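This report describes selected strands, helices and contacts of the structure shown below.

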Amino acid sequence: MSGALRFNSMHFMPYVYLPDNHKDYKSLWVSFPNKFYDPEKGHELYNRYLGELVMADRLGFDAIVINEHHNTVYSMMATPNLIAAALVPQTQNARICVWGTPPNFMQPNRLAEEYAILDVMSKGRLEIALPLGTGMEYWSNSVNPATARERFKESLKIMLQAWTEDGPTTHYGQFYTYRFLNPWPRPYQKPHPPCYVVGTGSPETIEIAAELGFGYASVFVTQQRARELNENLRQRAAHYGHTLRPDQLPLLTFVYVAETQERAEQEYIVHLQRFFEDYARTSPQFLAPPGYLSIDQLKTRAAMADKMHGGFDFQAISKSFFIAVGTPDKVANQIGEWSQWMKTNHINCVTHVADMPHWKTVKNLTLFAEEVMPRLRSRVQQPALRAAAE
Amino acid sequence: MSKFVRETYTVDGVKTVVHTAGSGEPVVFFHGAGTVDGFDFAEPWTEKYRVIVPYHPGFGESGDDTTFTDLHDYVMHYLELFDALQLDKFNLVGLSLGGYLAAKFASEHGHRIKKLALIAPAGMIDTLNPMLDILAVPGEQVPGLLVSDFEVLKKRLPEKPDLDFMADRYREATTVARLLWERPGDPKFMRYLHRIKMPTLIVWGGEDKIIPVQQAETWRKFIPNADIKIFKGAGHLVHLEKREAVEAVARFLG
């Protein structure tokens with residue numbers, strides 16, 4: 001890929017009808033009672049959200065991004081491949097990014113098959129991220145968090161073998177045995193759809209991505225940490241003989257565009273606040289099931305969590321994370337600066353958060369596509385980016 | 001000061017710390033899934049016995065072995081440690097998870113156990129009186145569930161949030177998860193309990209909030225010769241709450 005910028009539109013598909021007493025619950029994940037889920041409202045939301053993703057394709061976003069979470073209002077995509085299958089025939093050009101199903105929660109041959117089916121159905125528009133899964137998912141699925149990383153590595157090996165070696169082959173491992181690994185169909189893209197490891201930058205997952213030469217999609221890390229993570233990954237990948245392209249290191253940013261700065265903040269901040277305070281709310285226990293983190297990581301994260309006490313402060317959070325809110329000029333300028341600073345040309349935009357209504361989502365998608373993208377694309381071949389791409 | 005002497009062994013590559021005190025017939029104590037309760041409670045036993053308290057791999061002062069994924073790995077570990085300690089025949093006392101391990105060891109190597117005492121042992125699948133799934137309980141709630149009288153435990157806990165203490169508990173929970181996350185109960189374990197023929201004492205706190213005291217009778221169905229002693233007013237850590245429970249074990253050992 002050249003230095004041309006690429007724009008994704010990412011959706012979490014949250015369940016937005018929270019009960020009035022939801023603040024009584026410490027966590028809206030794992031144990032939040034599913035009696036609060038109303039399938040009739042869920043039906044309306046699926047239709048609406050699928051429409052918003054299809055709209056992103058029609059407006060010219062380069063990719064649409066979905067992902068997987070369990071037992072939570074945060075996401076209604078417990079099985080994102082079903083969502084992707086619904087999107088394939090409704091979209092024309094956008095790449096479909098399932099970022100993604102944690103391989104630990106599926107038989108790896110079956111996940112390789114599902115991804116191959118989507119890739120063939122979409123004529124090679126599929127991209128995949130391979131998450132370990134948040135700590136919360138290990139309370140919701142029947143998989144041991146203490147052996148999650150070993151299982152994850154074995155799953156990846158099986159999937160890659162399934163895609164890249166002529167079958168039937170065999171696999172005899174610690175967690176899985178395949179006497180005939182021979183999945184039909186095989187992926188449309190060769191050797192396989194683009195793959196990213198996704199995570200918050202633990203050294204263990206960085207090492208996995210580096211060794212395989214995969215991209216890394218960092219989520220919910222600070223700007224500073226995201227940059228360190230990218231640098232670290234480039235170095236570790238080089239150690240294994242891989243040179244990462246800029247597009248392999250997508251920059252995740254929240255975006256909201258409006259006519260004026262005031263209006264953008266007035267329309268958006270309330271939803272961003274609910275995203276952080278409510279939809280992402282969970283407990284330390286659920287974040288770190290036993291064995292999910294190394295002791296070093298546990299201490300690092302516990303110390304970090306202590307520092308982050310206090311109420312939601314938009315100005316503070318905007319300085320620390322990638323959050324672009326404002327006029328087309330402001331948003332374009334910020335993303336332009338960040339992409340150079342992060343040495344990436346791949347911008348993964350969260351275009352809907354929490355209980356943001358449909359009209360704001362449509363407005364945001366439209367203004368971003370029609371006002372922000374052209375501003376940034378007219379600055380093609382920015383020197384720093386071109387250098388990074390070469 | 002503790003009378004216990006600390007020694008370090010390397011057992012098949014795993015650092016294993018053993019605390020020993022007293023002289024006489026050997027008594028081995030297997031601790032439970034956490035090591036906050038310590039082992040000073042066992043000092044009365046040292047008057048008549050050589051009390052041997054090893055830290056299991058993955059707990060307390062011993063090292064980790066991430067390949068231990070089954071309780072049987074611990075049985076094998078202890079066969080090797082007991083060889084190193086030149087322990088042929090001995091008394092065995094196990095608490096909670098350590099009780100599960102002690103019963104498993106005794107069902108496989110009964111000829112080496114003179115007498116067996118199980119204090120609120122884990123491992124029994126008793127659908128009418130199920131054990132609380134402690135892995136699913138938020139860490140901050142666990143101490144309150146372990147005892148009836150919180151003062152007994154309070155002095156062993158940090159006064160304010162302590163990162164190292166939390167990390168130690170997380171490490172021990174990780175070790176437990178490796179063993180029990182997917183399969184908290186093993187029906188095969190119960191199948192072979194009838195092989196426990198040596199004199200056996202089952203000790204329980206009457207108000208145990210982790211493993212219901214009713215399980216004592218379930219254990220007796222599998223180990224018919226066992227005696228049961230229940231201490232009213234005590235919780236799961238009956239050995240900390242009731243000195244009489246520690247004395248009852250001493251009397252049983254003879």
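## Strand β7 of chain B

In this predicted model, strand β7 of chain B, residues 200-205, is mostly covered, with five of its six residues buried. Strand β6 of chain B (residues 113-119) runs parallel to β7(B) and is joined to it by four bridges.

## Helix packing in chain B

Helix α1 (residues 71-84) and helix α2 (residues 97-108) of chain B pack with their axes 10 Å apart and at an angle of about 65°. An angle of 65 to 115 degrees counts as roughly perpendicular, and α1(B) and α2(B) are therefore placed in that class. The crossing of α1(B) past α2(B) is right-handed.

On the side of α1(B), the contact is made by B:L71, B:Y74, B:V75 and B:Y78. The residues contributed by α2(B) are B:Y100, B:L101, B:K104, B:F105 and B:E108. By class, the residues of this contact comprise seven nonpolar and two charged, with no polar residue.

## The sheet of chain A

Chain A contains an open sheet of nine strands, paired in parallel and ordered β8-β7-β4-β3-β2-β1-β11-β9-β10.

The partner of β8(A) is strand β7 of chain A (residues 195-199), which runs parallel to β8(A) and is joined to it by four bridges. Within this pairing, A:G199 has A:S218 as its bridge partner in β8(A).

Is β8(A) covered on both faces, or on one? Both faces of β8(A) are covered. A:G215 and A:A217 lie on one side, A:Y216 and A:S218 on the other, and all four residues named are buried. In a regular strand, side chains alternate between the two faces of the sheet.

## Contact between the chains

The two chains touch through 15 residues of chain B and 14 residues of chain A. The side of chain B that touches chain A consists, by class, of ten nonpolar, two polar and three charged residues.

Terms used
Residues numbered from 1 in each chain as written. Chains lettered and ligands numbered in written order. Predicted model: local features only at pLDDT ≥ 70, side-chain atom pairs only at ≥ 80, totals over all residues. Pairing = 2+ DSSP bridges. Helix = DSSP H or I, 4+ residues; strand = E, 2+ residues; numbered from the N terminus. Contact = placed C-beta atoms within 7 Å. Nonpolar A, V, L, I, M, F, W, Y, C, P; charged D, E, K, R; others polar. Axes fitted to C-alpha atoms, helices over the stretch in contact; angles between N-to-C directions. Parallel < 35°, antiparallel > 145°, perpendicular 65-115°, else oblique. Left-handed = near helix turned anticlockwise from the far one by under 90°. Buried ≥ 20, exposed ≤ 12 C-beta atoms within 10 Å, placed from the backbone.
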